[in-house]
Amino acid sequence: MSNLILSGKESLGIEFGSTRIKAVLIDENFNPVAFGGYTWENSLKDGVWTYPLSQVWEGLQSAYAELDASVFEKAGEHITSLSSIGFSAMMHGYLPFDKNGNQLCEFRTWRNTMTAEAAEKLTNLFGFNIPQRWSIAHLYQAILNNESHIDDIDYLTTLAGYVHWKLSGEKVLGIGEASGMFPIDCKTKDYNIEMLSKFACLDDVERRKWDIRDILPKVLLAGENAGFLTEEGAKLLDKSGNLKAGIPMCPPEGDAGTGMVATNSITEKTGNVSAGTSIFSMVVLEKPLEKVYEEIDIVTTPAGSDVAMVHCNNCCTDLDYWVNIFAEFAKASGSDMPKYKIYDLLYEAALSGDADCGGLVNFNYFSGEPVSHTEDGRPMFLRTQGSSFNLANFFRAQIYSTMSTLKIGMKLLEKEGVKIDRLMGHGGLFKTPVVGQKLMAGAMNAPVSVMETASEGGAWGMAVLAKYATENETPLEEYLETKVFADCKSTTINPDKNDVEGFEKYMKTYESALEVEKAAYMNI
């Protein structure tokens with residue numbers, strides 16, 4: 001048994017990721033002391049990417065139970081009290097409820113590309129980019145479709161907001177998460193009043209029984225109290241009944257916000273790249289962009305500063321499938337090589353590949369990508385008769401495919417003259433040392449750093465935000481710099497000229513082949 005001694009001053013962060021629900025308990029010095037998890041996966045039902053809400057609770061309870069079991073093993077006692085709790089989840093999506101708290105339709109996740117008409121109309125109305133995955137786009141598309149549940153809406157929220165509401169009774173969101181529902185005015189730190197009015201005055205909205213200003217969650221800044229764990233909430237979280245009610249809760253945030261916190265990337269000219277099931281970059285802006293770009297979202301940090309976000313729906317899923325194929329082959333050959341070593345072997349092989357992948361191109365599209373203007377996806381690997389087809393080039397192409405769509409959006413920020421002093425990497429793509437970091441530096445033509453805490457991810461970042469809600473005497477930026485990351489180590493890899501040139505050559509082939517990808521999903 002370890003020497004873990006529970007003090008009741010620990011903070012808990014839980015994040016609902018695309019494939020994994022993660023729970024992290026941190027001590028007073030931000031060190032993770034226990035973990036829990038639950039694996040899940042979205043499914044495509046009747047054309048909608050979704051998760052059943054019953055699995056939200058099954059996953060939450062399982063992840064917490066695993067964490068609590070770890071604590072008991074180390075400390076000899078179960079968790080009964082905590083300093084604070086915070087919940088995070090995949091941003092965006094659509095979760096409407098009626099006045100009795102009943103779910104009105106299936107949970108529509110960020111992955112859906114079914115709101116093109118609404119997104120285009122709202123972007124034109126606001127003069128502000130509204131991506132398809134934003135909650136307001138889903139709401140307006142449902143209105144345009146004249147869906148039967150529309151008039152019964154009493155509350156609209158996200159997955160993080162839903163979990164927080166059920167555990168605390170509070171209908172609130174952190175400002176970063178709220179900025180993926182509806183545009184935020186960074187001066188007032190609230191929803192943009194002018195845009196709310198424009199939306200409310202639309203003919204097909206004005207005749208509804210509700211007002212948009214009444215059905216959205218209240219916006220809170222990092223550090224503000226967002227309620228307390230209720231008796232009912234404690235039972236929902238901890239089925240054993242050991243956890244006591246009354247624990248302070250911080251504003252629920254999105255995975256983008258927790259990623260910024262986990263990488264200390266919330267000050268101007270800092271950015272981060274989160275690479276897992278999806279991939280997105282977040283760059284904190286010095287000033288507003290001159291133009292409105294369909295490929296770039298404007299969201300906020302958990303403290304309310306403007307951020308340029310390039311979000312791509314597809315990242316490591318296709319790569320993981322290919323790794324599974326190699327793992328099957330290894331097993332069939334009699335090898336007992338563990339899967340993590342297969343990942344490392346393939347990643348490291350990619351480093352010896354040609355900088356342009358020798359003419360190989362891979363599309364990792366399981367769903368559409370608004371950044372590349374593709375409405376649907378078909379995973380697809382392409383090569384010509386004269387390409388250099390070997391393992392190193394093949395897997396380098398797999399890794400390049402995870403960041404190619406992101407590059408399309410990042411080039412627009414380059415044209416705007418957006419400066420990035422520091423680009424932090426985190427997520428599954430960076431688990432194998434050096435490889436993902438080096439290739440990302442070449443792809444983005446910028447130094448990429450990875451912190452030693454990067455593997456802790458968004459759940460750890462959420463736990464930090466939960467702790468900050470009880471220690472909010474200084475601005476969040478200062479709190480992170482002077483307390484959380486004061487002694488944190490990181491490694492930085494500068495872009496290699498050969499990688500930069502090779503990726504640029506690869507991108508020319510990739511962008512030309514987008515027409516092949518479009519033909520594939522239109523015909524298969």
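In this predicted model, I136 touches L122, I130, M181, F182, F199 and I212, leaving aside residues up to four places away in sequence. I136 also belongs to the largest nonpolar core, a set of 68 residues. Within this core, I136, L139, F199, W210, I212, W460 and V464 are the residues that touch the most other members. The biggest contribution comes from helix α15 (residues 457-468), which supplies eight residues. Apart from this core lies another, made up of 57 residues and including L346, F363, M403 and F503.

Helix α13 covers residues 391-415, and at 1.5 Å a residue its 25 residues should span 36 Å. The C-alpha atoms at its ends are 35 Å apart, in agreement with that expectation. The helix is largely enclosed by the rest of the structure, because 21 of its 25 residues are buried.

At its start, a side-chain oxygen of N390 comes to within 3.3 Å of the backbone nitrogen of A392. After the helix comes G417, with a positive phi near 75°.

The cysteines complete the picture. A disulfide is a covalent bond between the sulfur atoms of two cysteines; the structure holds zero disulfides. C250 is buried, its relative accessible area being 1%, whereas C488 is partly exposed, with a relative accessible area of 22%.

Methods. Residues numbered from 1 in each chain as written. Predicted model: local features only at pLDDT ≥ 70, side-chain atom pairs only at ≥ 80, totals over all residues. Heavy atoms only, no water. Helix = DSSP H or I, 4+ residues; strand = E, 2+ residues; numbered from the N terminus. Expected span 1.5 Å × (residues − 1). Buried < 20%, exposed > 50% of the residue type's maximum accessible area, 1.4 Å probe, protein only. Polar contact = N/O pair within 3.5 Å; in protein donor to acceptor, adjacent residues only side chain to side chain. Disulfide = S-S within 2.5 Å. Core = buried A, V, L, I, M, F, W, Y, C linked by side-chain atoms within 4.5 Å. Contact = heavy atoms within 4.5 Å.
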